[in-house]
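Hi there,

Here is the structure I promised to pass on to you.

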Amino acid sequence: MVKLKVAFASLLFALSMQAMAAVQVTNKHIFVLYPGVDSVFGSYIFMVTNDGTQPERLSFPVMLPTETIDFQAQEGLAPNELNLGQDGGLTIDKTFPPGDTLITIGFKVPAEVGTGRMTLKAAQAFESIGMFVFEGKFQISGPGLDIRRNVDFSGRTYDTYTLNKGEGGKTYEVELQNIPEGRGRLWTIGWVAAVALLLIAAALAWFSRPQLPQGAEDTL
């Protein structure tokens, strides 16, 4: 896992453009995604560049999926540097040393009957968001995706899905398909079958009820 993080860090170093301000988030982002049962686990990887000579403090929103149900600060962050804002989104507040700092945040999004969703709101314009899916374990669909299959990276094979040239303030949504299922579908089928049986029983009871002889109603 350490070797893999180093490889993705090298990729970000190679892709990221030089920062114009003293300290800022670079414009290349990577999501590495792994399937769970009725869920998808991921690592969000990006860099912050400080091209000054002194440490600089920066506070900014994190582009985690809005569907995130669990998260954890990983590489480059102390737990108190990743905070939940009043709007429910996450914010990083950290002092960055000169040079490049790699940031990794682990997260989890839910899936139901084999399908999940990731909604990403870009706080700033980006050059690319790359989503790496290990060995084609599931698929991603959405508008504007550049899709490549069986990409060899750091000794492993990935399918990559890339959003290019994104606008700040815009929301991007992708669908996760063929996620391993737990018992959710069985419960759904069971409830549907139970409701159907109740309806059939009610119909049988109605149509098989005893019929009063003609005119008997007037004598009651």
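Is D146 buried, partly exposed or exposed? With a relative accessible area of 31%, D146 is partly exposed. Please keep in mind that this is a predicted model.

D146 also takes part in a salt bridge: its partner is R148, and the closest N and O atoms are 3.8 Å apart. R148 itself is exposed, at a relative accessible area of 52%. In total, the count comes to seven salt bridges.

Another one pairs R149 with D159, where the closest N and O atoms lie 3.6 Å from each other. R149 belongs to strand β12 (residues 146-153) and D159 to strand β13 (residues 156-166), so this pair ties together parts that are 10 residues apart in sequence.

D93 forms a salt bridge with R57, and here the closest N and O atoms are 2.7 Å apart. This pair links distant parts of the chain, since D93 lies in strand β7 and R57 in strand β4, 36 residues apart. D93 is partly exposed, with a relative accessible area of 25%, whereas R57 counts as exposed at 59%.

K94 is in strand β7 too (residues 90-96). Its relative accessibility is 12%, and because buried means under 20%, K94 counts as buried. The side chain of K94 still finds a polar partner, making a contact of 3.3 Å with the side chain of E81. Apart from neighbours within four places in sequence, K94 is in contact with E56, R57, L58, G76, L77, E81 and T101; R57 in that list is also the salt-bridge partner of D93.

Last, the largest pocket. It holds about 560 Å³ of space, and 24 residues line it, with P61, V62, M63, L64 and L90 nearest its centre. The elements giving two or more residues to this lining are β3 (39-50), β4 (56-61) and β7. By type, the lining residues divide into 15 nonpolar, seven polar and two charged.

Happy to go through any of this with you.

Best wishes

Definitions and conventions. Residues are numbered from 1 along each chain as its sequence is written. This is a predicted model: local features need pLDDT of at least 70, side-chain atom pairs count only at pLDDT 80 or more; totals for chains, interfaces and linings use all residues. Side-chain values use heavy atoms; hydrogens and water are left out. Helices (H or I, at least four residues) and strands (E, at least two) are DSSP runs, numbered from the N terminus. Buried means under 20% relative accessible area, exposed over 50%, partly exposed in between (1.4 Å probe, protein chains only). A polar contact is a pair of N or O atoms within 3.5 Å; within protein, one must be able to donate a hydrogen and the other to accept it, and residues adjacent in sequence count only if both atoms are side-chain atoms. Contact means heavy atoms within 4.5 Å. On a 1 Å grid over the protein atoms alone, a cavity is a set of points where a 1.4 Å probe fits but cannot get out, and a pocket is an open set with protein on both sides within 12 Å along at least five of seven lines; lining residues have an atom within 4 Å of a point. Grid points are joined across faces, edges and corners, and a volume is the space filled by probe spheres set on the points. Ala, Val, Leu, Ile, Met, Phe, Trp, Tyr, Cys and Pro count as nonpolar, Asp, Glu, Lys and Arg as charged, and the others, Gly among them, as polar. A salt bridge is a side-chain nitrogen of Lys or Arg within 4 Å of a carboxyl oxygen of Asp or Glu.
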